[in-house]
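Here is a short report on selected features of one model. Keep the sequence and the 3D view open as you read.

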Amino acid sequence: MKKCSNCACGVKIDGTPSMEELQSSPGYPSEARIRKGPVAIIECVEAIPCNPCEPACPQGAITVGSDITALPVLDEEKCTGCGVCVAACPGLAIYVKDFTFEEERATILFPFEYLPLPVKGQIVEMTDRFGRTVCEGEVLLVNTSKRNSNTALIKAAYDKKHFEEVVSMRRLARA
Amino acid sequence: MVRTEIAVIGAGPAGLSAAIECARAGAKVTLIDENAKPGGQLFKQIHKFFGSREHRAGIRGIRIGEQLLKEAQELNIDVWLNAEVCGIYRNSELWVVLNHTESRLVKADAIIIATGATENAVSFDGWSLPGVMGAGAAQTMINLHRVLPGDRILMIGSGNVGVIVSYQLLQAGADVAAIVEAAPRLGGYGVHTAKVRRAGVPFYTSHTVLEARGTDHVESAVIVELNDSWQPVSGTEKEFTVDTICIAAGLTPLTELAAGAGCQTCFIPTLGGHVPMHDEKMRTSIDTIFVAGDIAGVEEASTAMEEGRLAGIHAAAALGYYKPSEEQRLSAEVWQRLGVLRSGPFGQKRLDAKKDILNARRTISEKVQ
Amino acid sequence: MKRIIEHPVLGRLEEAREVHIRVDGETIPAREGEMIAAALLANGKSVFRYTNKRHEARGIYCGIGRCTDCVMIVNGVPNVRTCVTPVEEGMVIETQQGIGHWGQEGEDGTD
């Protein structure tokens, strides 16, 4: 039995979903929608009983339905990329990306539950699904609202050449 | 001899939920726990729970624990801490030792055993070295005692406990060198594994730990690949510099009190091993003894709370605190919520295994008739 | 630093009264009410005893009072589970050798 070293063998081998698993899930928006502006990207590919994303969305853009093991379905047209779902997901499986932020840069709003938190303006390392540094990012905002019960939300701008790969940032060294 | 109506053994999520239901029904309940603080493993679960709103989804285990404690306090439930139940006699008496010094006999009309489960051990060369510990031990140290047991950890086991504790170790400021899984596929939920993978923690499927090296403490660990017959493949050894090895190899129900009391058990591997047989009312083969939570089969905190409610409702009803119609109505609501938690590919296995327990219990009833 | 002072979910570690315990003759600080094992780990000590026959080091294993790997001699009493026993001011704790000994610091004459 081979160990796959990140050639995308899927969530039960790598631990993180493959592009195929993601793109075939109903929470992953189309390429066309992604390029239009801020949109939620839901990386939820396994049927477990879970649905807090559904009531969280103020636009009603996420549907799970009465069988709560169903994968969340994202209505691309309704989704405004507001980001409320990002902190609502107990699995930290949702982020919001904006391809249109600037000519060279896109943004990602992602959940982060580590210390220390970065500060606005800080340059950090943006990482992919395997935790590898892809490029640097500029922290635009850090939201620590109590409403999100200790799930901080960080928005960072990064080179859109790496648009798809980036999903988080490297943990900062503790004092 | 202390007299109570319902004695609940174990103040974890199942026991607390059971005691709350009993008290709500109006029964006199005594909640007994061997620890200095109630809550069982719940206060170590600092992550947000799944499910739906009725299952308290999106709320961290610790907050749910606080809510349960508040409810228990508001209902004036008699809680005995530092109290070890040493045995159950004549289906209704408990011998309790408090603070290691005081012996008390308790007579109850019904007993709910909610003693949870214990971590399994995996042995390998050097496993007795300081630094090798259960994943639960590490979780207890970081989330309860606020102390890091080590700086660099190797996690053995990729089930939910292994991946969740790995994530929590990262949150506590430690590094996790790798997560090792003997099976060819990872066991935990994809959202949990994705979180740690995203933090750079590699998974090694079809690998097992071979050796812990060090003099008086773990200094490194060696893992090895397994072939299709689960045998180590020579030449595939990999060494990691770590000071801690956590073992997350599953849990086994703590059935001593139930078995000692004479409750019949059945062997259900999916749910951790020997489990006291119980019916839909969480009643064991002994009429006065109920079970709830991991002792009745290792699942999750959310199912433990629901089973606790079930045992509480039915124990209270058995003592006359609910009319049959009310008992049925309340029970159906819980069963509905349990059904949801036991749905989907992960839940189905547990659902089927719980059905096996119910069937086993039904078989002995039929034999008696 | 082994103590987790700031935690992303649990917040800042609450202040606690400092107590002092004697471990193998050395006085070390501890937080009032914490488990002995936690205080020792916080102070960088992870070897709690040595086994009887092969003198092998042992520390914590289950961490919740079930396995007895973590036992030490506490105030002259051997085989005390340090992971479920809280510290007290002036407590005397010794690394247990084998089955240990009764009495403080070998006062009963045995090793």
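The notes below cover a sheet, a helix pair and a chain contact.

## Basis

This is a predicted model: local features need pLDDT of at least 70, side-chain atom pairs count only at pLDDT 80 or more, and totals for chains, interfaces and linings use all residues. Residues are numbered from 1 along each chain as its sequence is written, while chains are lettered from A and ligands numbered from 1 in the order in which they are written.

Helices (H or I, at least four residues) and strands (E, at least two) are DSSP runs, numbered from the N terminus.

## A sheet in chain B

Three strands of chain B form an open sheet, in the order β14-β15-β16, with antiparallel pairing. Strands pair if DSSP finds at least two bridges between them. β14 (207-213) and β16 (238-240) of chain B are the edges; each has a single partner strand, so one side of each lacks a neighbour in the sheet. The twist averages 25 degrees from one strand to the next.

Six bridges join β14(B) to β15 (residues 220-225) of chain B. B:His207 stands opposite B:Glu225 in β15(B).

## A helix pair in chain B

α7 (residues 301-318) and α8 (residues 324-341) of chain B pack at about 165 degrees, with axes 10 Å apart. Axes are lines fitted to C-alpha atoms, for helices over the stretch in contact; angles run from 0 to 180 degrees between N-to-C directions. That makes α7(B) roughly antiparallel to α8(B) (an angle over 145 degrees).

## Chain C against chain B

25 residues of chain C are in contact with 26 residues of chain B (C-beta atoms, placed from the backbone, within 7 Å). On the chain C side, α1(C) gives the largest share, three residues.

Methods
Contact = placed C-beta atoms within 7 Å. Parallel < 35°, antiparallel > 145°, perpendicular 65-115°, else oblique.
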